[in-house]
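Hi everyone, thanks for making the time. Please have the viewer open while I talk, and stop me whenever you like.

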Amino acid sequence: MGTTGDFRTGRHVVHTMHAHLVFVTKYRHPVFTDTHLRRMEEVMGQVCNDFETELEEFNGGPNHVHLLVRFPPKVAVSKLVNSLKGVSSRMLRKEFEDLRFAYWRGVRLWSGSYFAGSVGGAPISVVRQYIEQQQRPPV
């Protein structure tokens, strides 16, 4: 896969796709410290590499994290999210005892839900106007 500026190219595709992802902790408990977030960024970066995606930005607070991920069209965002949350939960609970016992029975770190928003490119109003202005062929 090659790159041309902000665009990526594959065999039959040219793309630039980004997603803003937000994950919150179970019950929104404030359990993360800076040490947790630094390790989580490493783990999530490795997961993204496995999916041939890029973790372009990462940050978070005591009860949530934000990710900006660049991904190719062949990657299903839902599968990427499931892997990011699953692997990070397992790894962090394994490495940090305080996270292992943060919840009753210690089996979940993340809430079952997440936010995913597409970002980048032209605003939707501009795209809508561009499509409306396309000339149809005569009858």
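A word on the ground rules. This is a predicted model, so to speak of local features I need pLDDT of at least 70, and side-chain atom pairs count only at pLDDT 80 or more, while totals for chains, interfaces and linings use all residues. Residues are numbered from 1 along each chain as its sequence is written, and side-chain values use heavy atoms, with hydrogens and water left out.

Let's begin with the sheet. Helices (H or I, at least four residues) and strands (E, at least two) are DSSP runs, numbered from the N terminus, and two strands pair if DSSP finds at least two bridges between them. On that basis we have an open sheet of 4 strands, in the order 5-6-4-7, with antiparallel pairing. Which strands stand at the edges? They are strand 5 (54–61) and strand 7 (115–119); each has a single partner strand, so one side of each is left without a neighbour in the sheet. From one strand to the next, the twist averages 15 degrees; axes are lines fitted to C-alpha atoms, for helices over the stretch in contact, and angles run from 0 to 180 degrees between N-to-C directions.

Now walk across the sheet with me. Strand 5 and strand 6 make a hairpin with 2 residues between them, and 7 bridges join the two. In that pairing, F58 has L67 as its bridge partner. Strand 4 (residues 18–24) and strand 6 (residues 64–70) pair over 7 bridges, among them H18 with R70 and F23 with V65. Strand 4 is joined to strand 7 by 5 bridges, and there V22 stands opposite F115.

Helix 1 (residues 34–50) touches strand 4, strand 5 and strand 6, and its direction makes about 155 degrees with that of strand 5. Helix 2 (residues 77–95) touches strand 4, strand 6 and strand 7, at about 40 degrees to the direction of strand 4. And how enclosed is strand 4? With buried meaning under 20% relative accessible area, exposed over 50% and partly exposed in between (1.4 Å probe, protein chains only), 6 of the 7 residues of strand 4 are buried, so it is largely enclosed by the rest of the structure.

On to charges. Taking a salt bridge as a side-chain nitrogen of Lys or Arg within 4 Å of a carboxyl oxygen of Asp or Glu, the whole structure has 5. One of them joins D34 and R38, at 2.5 Å from N to O; both lie in helix 1, 4 residues apart, about one turn. D34 is partly exposed at 47%, while R38 is exposed at 55%.

R39 meets E42 at 3.0 Å and E95 at 2.7 Å. E95 lies in helix 2 and R39 in helix 1, so this pair ties together parts 56 residues apart in sequence. R39 counts as buried at 18%, whereas E42 is partly exposed at 45%, and E95 is partly exposed at 36%.

Last stop: V127, which is in helix 4 (residues 124–132) and is partly exposed at 34%.

That's my tour; over to you for questions.

Key
Contact means heavy atoms within 4.5 Å.
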